[in-house]
Each structure stands twice: as C-alpha cells, then as structure tokens.
Amino acid sequence: MTDPLPVDIGVGVVFGQLSSETPEDSDGADRRVLHASWLSELKGPQSSDCRNTGVITSFRELRFDPRIDRLVENPIFEYLRLRKDILFQTTVSLQAAKGPQIMYAEVGGLLMDTEFSIAIPSSFKSGNITIGVRCGNLSCTDGARISLGISEPDAALSQRQISMQVLTPEQTPRTSFPLLAGEITLPMRIMSDHRTVEVFAGSGRGVFSGSMYSTDVQVMASCDTGDFQVAATGWALASVVGKASTSK
C-alpha cells in the first residue's frame, strides 16, 4: 500500500465530496467519480456563500492512474462547453537570459480557462520554469506563480520528476509527480477568476485550488536555465450558473 497523498494541495480546500453511480444502476448511467470541495477564502473581500465565506471548486473527474499508482483529477469535460471567445493563442520561446515573457496582457478574462503545453527537449537536463497568471507586474507577486522543477531522467525508468510549487499571496504549497518515459510535453490547465485559481498540471497529477483576490489578467512565463517552448491558449469562460448547460 502506498503512502496517502493529497489529491489537491491547496491549504484552504475542505469538505471534499465524492459522487458516483453504482454498477447496479441502469445502462447509460454516468459512472464517473465526481469530486468537488469547499474552498475557504483566506484573505480579500469577504462575501457570504451558502451562509459561509468561501466558494465551491470546479467539479472534477477523479480516477486512479495505475501507471503512477496514484489518484489524478481533471475538470469534467462539460466545462469545455462554457468556453467562449479565445482571448489569446501564442507560443513563446523562453531563455533564462531574457527574463519573463508576457503571454497575455489585454483587457478581459474575468473568468479564464487556459491550457499550456511545455515542450521538454530530449537534450534538456534539469531546470525550472515558472508560469504566472492573474499577474499585475513582471514579478507576479500579486498573482499566482506555478514553479515547475524538472529533474533529469532517472537511469532505471527514464522518467523525470516534476516538483511543483504554487506561490500566491496567501500560501506556497508543494507537491511532486512523475513525467513518464516518452512524455516530451508537460501539459497544464489553469482555471481562474477574480477570487480563485485552480491548477491541473501533468494531466491532473499535480492539483492546486486556492482563493486569491485579483482583478489582474496578465499571463507570463519564465525559466532559469535552458531553452523552452511554451504554447498557450486562453478562453473567456461563461459562468457555470445560468449561462450554459453542463448536462450531457
């Protein structure tokens, strides 16, 4: 039996709820294991949701990945139907000497859904790359910075270890997960609005949810060694309440 690991490393994540259909249910039933949590707001303007201060996280599909012997989770596919206009679509080449590069800095994106694809060359040894969202300046001290430390491939399995730290004005949790042999890109999805940010790295192997009050929308990327190519697409996202249906 493996040691217990948090599915979501956010400090303010409480009251997790699982829901699934049993095998005895009729054919056609949705048998996904769905997971959502209550997210306590640690700072910022307080409001009363469900008679308590906080918000609910996105609904995720929780599953076991036997390749890495752990649970992973990603937003349910119905959120794709809430995507509206593309806010930006870009690919940047990162070099340590160049400093942070801005990927998006326009008006818009109060609710944003962004997908990143980080290419890791086979010749790359080790280093760090940082993605910033909801930034108001190049240091992104007011937003969320996701620092990804990428190790050298190990000799036995040729897989890399990814150490992930999320830095917000309220917390700095860490986790780690493997990048399997043959995986040459590191995907990451970030859903955010002016009160929260949710990170799904490595196809749900590294997950973070946190409150963070920010009306800024700047997206940026940087690295401390080597060269990286980062592709990103950001969509405006409709509200889950009253704007679009998430039913199948």
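Predicted model: local features only at pLDDT ≥ 70, side-chain atom pairs only at ≥ 80, totals over all residues.
Four residues, D8, R60, E73 and E198, are joined in a network of salt bridges. By salt bridge I mean a side-chain nitrogen of Lys or Arg within 4 Å of a carboxyl oxygen of Asp or Glu. Under that rule, nine salt bridges are counted.

Residues are numbered from 1 along each chain as its sequence is written, and side-chain values use heavy atoms, with hydrogens and water left out.

Let me turn to individual pairs. D65 forms a salt bridge with R67, and their closest N and O atoms are 3.0 Å apart. Are these two residues buried or exposed? I use buried for under 20% relative accessible area, exposed for over 50%, and partly exposed for values in between, with a 1.4 Å probe and protein chains only. D65 counts as buried because its relative accessibility is 3%, whereas R67 counts as exposed, at 53%.

The next pair is E115 and R83, whose side chains meet in a salt bridge at 2.7 Å, N to O. E115 lies in strand β8, residues 112–119, and R83 in strand β6, residues 83–95, so the pair ties together parts that are 32 residues apart in sequence. Helices (H or I, at least four residues) and strands (E, at least two) are DSSP runs, numbered from the N terminus. E115 is partly exposed, with a relative accessible area of 32%, while R83 is buried, at 17%.

A further salt bridge joins E183 to R205, with the closest N and O atoms 2.9 Å apart. This pair links distant parts of the chain, 22 residues apart: E183 is in the loop between β12 (174–179) and β13 (185–192), and R205 is in the loop between β14 (196–201) and β15. E183 is partly exposed, with a relative accessible area of 25%; R205 is buried, at 6%.

Finally, I come to strand β15 itself, residues 206–211, where S211 is found. With which side chain does the side chain of S211 make a polar contact? The partner is the side chain of E170, at 2.8 Å. A polar contact here is a pair of N or O atoms within 3.5 Å; within protein, one must be able to donate a hydrogen and the other to accept it, and residues adjacent in sequence count only if both atoms are side-chain atoms. S211 is buried, with a relative accessible area of 2%.
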